[in-house]
Amino acid sequence: MTAVYGPGPQLVAVAVDAMSGPMVRLGDVELIDRVPSQARADLLALAARQGTEARVNWSGDLEVAAWGVSMGATQEQVQSPEGYLQRGDRVKTDALFVASELADDPYSTEPVIAWRDIRDESANPGAWPVRALEDRPSWGWIPLQSVGPLRFGMTPQQVAAALDGEVPAARRGHFPYPVYRKSEQWYLTEDQFDSAGVTAHYWYEEGIPALGAVTVHGRTGPQLAFDGLDLIGRTVSEIDAALEHRSENDEFGLVIGCGGDLGPDGLGMYVRAARAGDTVISEARFCAEEWEDHG
């Protein structure tokens, strides 16, 4: 677990991890390492019995200000037959417990922001709709060069035009020197396109934003394949096993990203995981050459 301190220093919040944290009980409800929908139902029932208001937090999980509890979820890690940890296909509950002065909006309050800043992350309304596989368009990709109609090096305007003029649902960026944010240039780092089901990531090699990577969303994005293996909207463990099998047969080397994402060596592609309620499904990030070196 993680202890978060305010001025003093005084303990103001405790984050309990799903995999290794202690078990925590609220009334008769176990909170940690549970199926999120089951924990949610139990907490809603407890709140109703106590006449307490419950709401949805930024991640789409339950939050109860009167209790100082904000629920969350983490992808599970399971043990392989060989004895090492690997990605599972479900999520388990974790939680943030805060002092009363932080309870009204825990994740928008210092010092929680300093511990985990979620201001640039997409808020979830509490639902994870998944587009049917037969309703997804099929895209091709050329390693280190292009993904569907998107070619690495495109400007944001060219990216939008290639996606039939879709307006980004969200734009994220940063100021190089936050203390001077009122006068310094804002740098665009990504555009999120909900209809197309992709996020465009930019870098600044020549002073202007250029497309350096594309994330294809697991719940809504187009289908892409690698050597006959569909990559999007699938069971993560199934794809991991297929990549590992091919790697063991010397078809290619395997690289692991910092989040445990697997990908064929040298192709700039990593299979990622996207939450879909109580489970995760596969999505993928496709990168230009040397993108990871700029991360």
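**Entry 1**

I started with R275, which counts as buried at 15% relative accessibility. For my notes, buried means under 20% relative accessible area, exposed means over 50%, and partly exposed is in between, with a 1.4 Å probe and protein chains only. This is a predicted model, in which local features need pLDDT of at least 70 and side-chain atom pairs count only at pLDDT 80 or more, while totals for chains, interfaces and linings use all residues. Residues are numbered from 1 along each chain as its sequence is written, and side-chain values use heavy atoms, with hydrogens and water left out.

Which residue does the side chain of R275 meet in a salt bridge? I found D61, at 3.0 Å from N to O. I call it a salt bridge when a side-chain nitrogen of Lys or Arg is within 4 Å of a carboxyl oxygen of Asp or Glu. The pair links distant parts of the chain, 214 residues apart: D61 is in the loop between β5 (55-56) and β6, and R275 is in strand β20. Strand and helix names follow DSSP runs, numbered from the N terminus: helices are H or I with at least four residues, strands are E with at least two. D61 is buried too, with a relative accessible area of 6%.

How many salt bridges does the structure hold? I noted 16.

I looked up R87 next and saw that it forms a salt bridge with D261, with the closest N and O atoms 3.4 Å apart. R87 sits in strand β8 and D261 in the loop between β18 (254-256) and β19 (262-264), so this pair ties together parts that are 174 residues apart in sequence. Both ends are buried: R87 has 6% relative accessibility, and D261 has a relative accessible area of 11%. I also wrote down that R87, D240, D261, R272 and E283 are linked in a network of salt bridges.

Then I turned to D33, which forms a salt bridge with K92; their closest N and O atoms are 3.4 Å apart. D33 lies in the loop between β4 and α1, and K92 in strand β8, so the pair ties together parts 59 residues apart in sequence. Is each of the two buried or partly exposed? D33 is partly exposed, with a relative accessible area of 35%, whereas K92 is buried at 14%.

**Entry 1: helix α1**

I checked the length of helix α1 (residues 36-50). I took the expected span of a helix as 1.5 Å times one less than its number of residues. At 1.5 Å a residue, the 15 residues of α1 should span 21 Å, and the end C-alpha atoms are 21 Å apart, which agrees.

Which residues of α1 are buried? I listed P36, A39, L43, L46 and A47. Seen down the axis of α1, they fall within an arc of 100 degrees, so they line one face of the helix; the arc is that of the directions from the helix axis to the C-beta atoms. On the other side of α1, A48 and R49 are exposed.

The buried residues of α1 pack against several strands, among them β3 (25-26), β4 (29-30), β7 (69-79) and β20 (269-276). Contact here means heavy atoms within 4.5 Å. Just after the helix, G51 takes a positive phi of about 65 degrees.

**Entry 2: strands side by side**

I moved on to strand pairing, where two strands pair if DSSP finds at least two bridges between them. Strands β1 (residues 2-6) and β2 (residues 10-16) run antiparallel and are joined by five bridges. The bridge partner of Y5 is L11 in β2. Three residues lie between the strands of this hairpin, and G8 takes a positive phi near 135 degrees there. β2 also pairs with β8, antiparallel over four bridges, and A15 stands opposite L96 in β8.

I found an open sheet of three strands as well, in the order β9-β10-β11 with antiparallel pairing. β9 (141-142) and β11 (150-151) stand at the edges with a single partner strand each, so one side of each is left without a neighbour in the sheet. In β10, V147 is the bridge partner of W141.

**Entry 3: P156**

My last stop was P156, in helix α3 (residues 156-162). P156 is buried, with a relative accessible area of 7%. Leaving aside neighbours within four places in sequence, P156 is in contact with R171, L188, D191, Y202 and P209. I noted that the C-alpha atoms of P156 and L188 are separated by 9.0 Å, though the two are 32 residues apart along the chain.
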